[in-house]
Amino acid sequence: MKKLEVTCIECPMGCTMCVTEDNGVFTVEGNNCPRGEAYAKAEVTCPRRVLTTTIKLKNGKILAVKTDKPIKKENMFALMDKINASRLDGEFSQGDVLIANIEDDANLIATSDMI
Amino acid sequence: MINYDLVIIGGGPAGLAAAIKAYDEGVKSILIIERENSLGGILNQCIHNGFGLTRFKESLTGPEYAGRFIKGVKERNIEYLLQTTVVNVTSDKLITAVNTEKGYFEIQAKAVILAMGCRERSKGAINVPGTRPAGIYSAGTAQKYVNMKGLMPGKKIVILGSGDIGLIMARRMTLEGAKVLAVCEIMPYSSGLKRNIEQCLNDFNIPLYLSHTITDIRGKDRVEGVTISEVDVATKKPIPGTEISFDCDTVLFSVGLIPENELTKGAGVQLYPRTKGAIVNERRETSVDGIFACGNVLQVHDLVDFVSEESEIAGKSAADYILNGKKDATYITVKEGENVGYVLPQKVDLNSQTTKIYFRVTKTLKNVEVSAKIGDEVVALKKKKVAVPGEMETMIILPNKIKNQNGEIVLSVKEL
């Protein structure tokens, strides 16, 4: 039986939770909502994060971007390298998909208009 | 003379929400004046998520949150001027502004909403010893360089201040390939959100040195290193013998936000030292009739969702003032009691509807009772598990509790 302390990042409350693992079954205590429970379970099996960064365009402008789903925490820097190596060509606005399936079913989308 | 019913100074989240609300309440002659080259304010450089959880039940990035309100302004065809700086506001609501197109010009308004936000406290303001090489930035400036100009301020970073801005930049710089060697915090606790300690520091094993400050910066033309020291918890003075040195090329200062109230002072509006913002009543009206304030220029907020909520109060009140004239009212003062750093509003109309008083505690307190009293009479009471200075709190005062009262409401927080 393993016990792990996890601080939730889903909302500003930042609940401190305790995850107990018993034969592959996870129990979460200390969460104040279901999102916390889901986050805690994911955190001890496969931690994920929404990646927010910027991407450069060929025309010299910048777009603020994010992954529309959380990606694997261990992949964050590899994805940063991929994003920073890109120079997108075209006109983009908030909400556009810039790199589809950047990891599995997560897409990289624009969160701002071109700056 | 250019005339508008309502002029809003600042096109960030506060100004935008106030404009939309004023419009929806019946005022159509509105002008937003913004000094940057786009609407959105500070949110434009806050590319991280976590905004809008309360208001929209979604985790949005800064630009996405701002985008919702910019859309609202554009849909209503509310006028705005960009790259225009207001240089003066009078108590008669005469605004003087400057831009490259019109030069120096004046606008007469019936009502003004102040929504100028904050600037950052500087290294100079906190007297850090050492040389003055290049490579020293406020965290917000570094954020603007990285997120809006695509430029990296440096490679090996030490950050002073563990509030949310410092924490967010620790992560941002790390993601962009810099090495963040340390985040120092003079207090024995961080004022940032716990979620940010997790996702900005712990995720990247960035050490947090509580009760520490920077006591020396070295470097001739460029930062070469810093020394940090532990400080005495009570006096905040550095403790000799606790020095730790870091070789670094960049120092970021995240040491506080100061409401930008130069224009406010110029208009003769009374300021409240505890908030560094205007003294307001529950309608967010200042001491000058027809001048309202909202957002960070009024009180430094933690969550933009509450900026929007506050700004809607100001927008509605400004509309009411324009359409129905000045409101005659008798006010009761709200004051800080035990363990309360500031209260807002500082005046409440005795005949007002339900009022929300915003406040912050002066230190971390657990198992608390928050009480609002007029003399010995309790007008509102609530219990909370924990209260920290870094999180703005609220207290609801019901209308029947203050009608026919005189005296002042004292808000206190006590550990049980």
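Reader: Before we start, what should I keep in mind about the model?

Author: This is a predicted model, in which local features need pLDDT of at least 70 and side-chain atom pairs count only at pLDDT 80 or more, whereas totals for chains, interfaces and linings use all residues. Residues are numbered from 1 along each chain as its sequence is written, chains are lettered from A and ligands numbered from 1 in the order in which they are written, and side-chain values use heavy atoms, with hydrogens and water left out.

Reader: OK, how much area do chain A and chain B bury between them?

Author: They bury about 2400 Å², 56% of it on carbon and sulfur atoms, where buried area is the accessible area (1.4 Å probe) that two parts lose on being put together, summed over both. On the side of chain A, the residues that lose the most area to chain B are Ile9(A), Pro12(A) and Thr52(A), together 24% of what that side buries.

Reader: And how many residues does each chain bring to the contact?

Author: Chain A gives 31 residues and chain B gives 27 residues, with contact taken as heavy atoms within 4.5 Å.

Reader: Which salt bridge can I look at there?

Author: The rule finds three salt bridges across this interface, a salt bridge being a side-chain nitrogen of Lys or Arg within 4 Å of a carboxyl oxygen of Asp or Glu. In one of them the side chains of Lys66(A) and Glu64(B) meet at 3.0 Å, N to O. As for elements, strand 5 (52–57), strand 6 (62–67) and helix 2 (76–85) of chain A each give two or more residues to the side that touches chain B; helices (H or I, at least four residues) and strands (E, at least two) are DSSP runs, numbered from the N terminus.

Reader: What does Leu63(A) touch?

Author: Beyond residues up to four places away in sequence, Leu63(A) touches several others, including Ile55(A), Phe92(A), Leu98(A) and Met114(A).

Reader: Is His212(B) buried or exposed?

Author: His212(B), which is found in strand 12 (residues 212–218) of chain B, counts as buried because its relative accessible area is 10%. A polar atom of the His212(B) side chain lies 2.7 Å from the backbone oxygen of Leu210(B).

Reader: Now the backbone: where is the cis peptide bond?

Author: It joins Leu344(B) and Pro345(B), with omega about 0 degrees, and Pro345(B) is found in the loop between strand 21 (340–344) and strand 22 (347–349) of chain B. Most residues other than glycine have a negative phi, and most peptide bonds are trans.

Reader: Which residue other than glycine has a positive phi near 65 degrees?

Author: That is Asn339(B), which is buried, with a relative accessible area of 16%. Lys57(B) also has a positive phi, of about 60 degrees, but Lys57(B) is exposed, with a relative accessible area of 67%.

Reader: Last one, what does Arg76(B) pair with?

Author: Arg76(B) forms a salt bridge with Asp24(B), the closest N and O atoms being 2.8 Å apart. The pair links distant parts of the chain, 52 residues apart, with Arg76(B) in the loop between helix 2 and strand 3 (79–81) and Asp24(B) in helix 1 (residues 13–24) of chain B. Arg76(B) is partly exposed, with a relative accessible area of 22%, and Asp24(B) counts as partly exposed at 46%.

Note on methods:
Buried means under 20% relative accessible area, exposed over 50%, partly exposed in between (1.4 Å probe, protein chains only). A polar contact is a pair of N or O atoms within 3.5 Å; within protein, one must be able to donate a hydrogen and the other to accept it, and residues adjacent in sequence count only if both atoms are side-chain atoms.
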